[in-house]
Amino acid sequence: MDINYRATIKISGLILCVLSISMTLPIIVGIYYSETTATMAFIITMIPTLIIGVFLAGIKSVNRLKMRDSALIVSVAWFLCAIIGTFPLMISGSVPNFFDSFFEMCSGFSTTGSTIITDVEAMPKVILFWRTLTHWLGGIGILIFTIALLPAIGFEGQQIAAAEVAAPTLSKVVPKLSQASRYLCFLYLGLTALQTVLLMFGGMSLFDAVTHSFSTLGTGGFGNYNDSIAHFNSSYIDVVIMIFMFIAGMNFGLFFISFKHGLKVFYQDDEWKTYFKIVLISGLIVSGTIMLSEGYTPGEALKLGFFHDISIITTTGFTLTNYSVWHTLSQFMLLTLFFIGGCSSSTGGGIKVIRIFVFLKIIKRAISTRLHQNNIIQLKVNNHKLHSTTATNIVSFILTYISLGLLGTLLISVDGKSIISCLSATFCCLGNIGIAFEELGPGFSFAALSSFSKFVLSILMIAGRLEVFTVLVLLSKRFWNPFR
């Protein structure tokens with residue numbers, strides 16, 4: 001099974017076109033704020049990117065894609081976007097070092113939110129806008145935009161979506177994936193516009209409201225201020241962002257189903273119910289602990305507890321305070337959420353709630369069969385039998401995910417940071433969370449890490465965003481051998 005390189009190049013060209021056109025937005029922002037140098041950096045990047053994209057998109061190819069082609073296209077797309085995205089940062093002088101810029105853009109497009117910028121308030125507005133826009137593009141998946149356009153050049157996007165979107169995919173909601181992609185775009189735009197309006201009601205400027213909506217719906221975490229959301233000192237803004245973070249962590253496919261069958265689809269869905277229970281229980285534990293140990297009032301404890309609880313499980317990464325100084329129990333609960341993540345087909349990262357749900361069912365079945373060896377217990381999700389291959393794949397994914405995280409921890413430990421800093425930094429990047437603990441926790445940046453560690457974490461961000469295996473298969477000899 002040979003790789004369709006021409007199709008890969010053709011679709012990569014289309015992705016470059018989408019990316020270059022998206023740069024018109026920061027250019028408009030730069031012109032408005034009279035930031036000539038930074039604006040020119042985007043113009044210098046956009047024009048050749050668009051020309052190259054149009055040329056590559058015009059290449060003739062066989063319009064058939066296999067899963068092998070899709071894995072390559074998806075991986076190339078994210079790395080390509082990150083590399084192209086570095087040019088405005090370097091050309092403008094905002095982030096002149098390549099490894100720093102690459103880290104920042106991998107963090108942006110993967111919706112991680114970790115940063116090497118020590119003083120974001122010193123950055124030009126156009127750069128701040130671009131950082132959050134990469135979250136918004138990465139959250140919806142720049143490939144979703146592309147999939148919606150693929151029929152125009154003779155491709156179907158089913159295989160690409162399967163490589164990029166965690167199951168269950170949007171293809172199960174509507175018959176045509178390109179149609180589903182367009183619906184998703186409208187939903188994504190609608191939620192972004194709604195949050196922007198609500199944040200402006202709370203006193204945010206239009207610029208802050210738009211950029212923070214980009215970060216929230218993309219579950220990214222980039223902000224415009226060094227103290228994140230705490231800068232606004234507004235409980236109203238905190239609650240609005242909290243609600244939209246929770247929405248962004250949900251399975252977007254359920255929204256489409258609810259249009260036909262009502263809101264009951266949410267509480268009938270095993271993954272959503274598990275997601276809600278995890279948020280509720282962990283939020284109450286964190287809130288109760290900090291109320292007793294840190295002296296917060298009940299209302300303040302509930303707000304801080306649930307805000308950081310939702311921020312981490314949805315892998316957004318916004319903060320209101322430095323949770324690294326909280327009681328150990330609170331920190332442990334938040335660290336546990338690092339390994340869960342949002343729902344499938346959400347903009348969140350992490351292992352995903354559905355995998356955790358199935359994994360716990362597998363453990364429960366193992367215990368039951370030990371006690372009653374003659375019992376045959378069938379795994380079910382939403383009252384549907386789960387194929388044994390799916391269960392095996394889930395266990396394999398979780399073990400691979402943890403192993404990759406431990407390997408990353410080993411590699412970046414050469415910088416001499418504490419074990420908690422290294423471990424949390426690695427899993428926060430692999431899970432696309434953005435904030436870690438101790439030396440790399442809230443209020444700190446990743447600037448102190450070496451270029452080697454930044455590069456390792458950059459690769460982990462993309463790998464985590466693409467569900468790990470999509471990137472790992474590229475390292476296999478069998479992948480590149482057409483006869484295997």
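Predicted model: local features only at pLDDT ≥ 70, side-chain atom pairs only at ≥ 80, totals over all residues.

Reader: OK, helices then: at what angle do α6 and α10 pack?

Author: Helix α6 (residues 125-140) packs against helix α10 (residues 206-217) at about 30 degrees, and their axes are 7 Å apart. Helices here are DSSP runs of H or I with at least four residues, strands are E runs of at least two, and both are numbered from the N terminus. The axes are lines fitted to C-alpha atoms, for helices over the stretch in contact, with angles running from 0 to 180 degrees between N-to-C directions. The two helices are therefore roughly parallel to each other, a label for angles under 35 degrees, whereas over 145 is roughly antiparallel, 65 to 115 roughly perpendicular and the rest oblique.

Reader: And which residues in α6 and α10 meet?

Author: From α6 there are K125, L128, F129, T132, L133, H135 and W136, and they meet F207, V210, T211, F214 and S215 of α10, where contact means heavy atoms within 4.5 Å. The residues of this contact divide into seven nonpolar, four polar and one charged. In that scheme Ala, Val, Leu, Ile, Met, Phe, Trp, Tyr, Cys and Pro count as nonpolar, Asp, Glu, Lys and Arg as charged, and the others, Gly among them, as polar.

Reader: Switching to the inside, which residues of the largest nonpolar core touch the most other members?

Author: They are W130, I241, Y275 and F446, in a core of 135 residues. A nonpolar core is a set of buried Ala, Val, Leu, Ile, Met, Phe, Trp, Tyr and Cys residues joined through side-chain atoms within 4.5 Å; buried means under 20% relative accessible area, exposed over 50% and partly exposed in between, with a 1.4 Å probe and protein chains only. Leaving aside neighbours within four places in sequence, W130 has contacts that include L19, M23, F42, L89 and F109.

Reader: Back to α6, is G139 there buried or exposed?

Author: G139 is found in helix α6 and counts as buried, at 6% relative accessibility. Not counting residues up to four places away in sequence, G139 touches T111, Y188, G218, T347 and R465. G139 and Y188 are 49 residues apart in sequence, and 9.5 Å apart in space from C-alpha to C-alpha.

Reader: T111 turns up in that list, so where is T111 placed?

Author: T111 is in the loop between α5 (98-109) and α6, and is buried, with a relative accessible area of 0%. Its phi is near 60 degrees, a positive value in a residue other than glycine.

Reader: What about N233, what is its phi?

Author: N233 has a positive phi of about 50 degrees although it is not a glycine, and its place is in the loop between α10 and α11.

Note on methods
Residues numbered from 1 in each chain as written. Heavy atoms only, no water.
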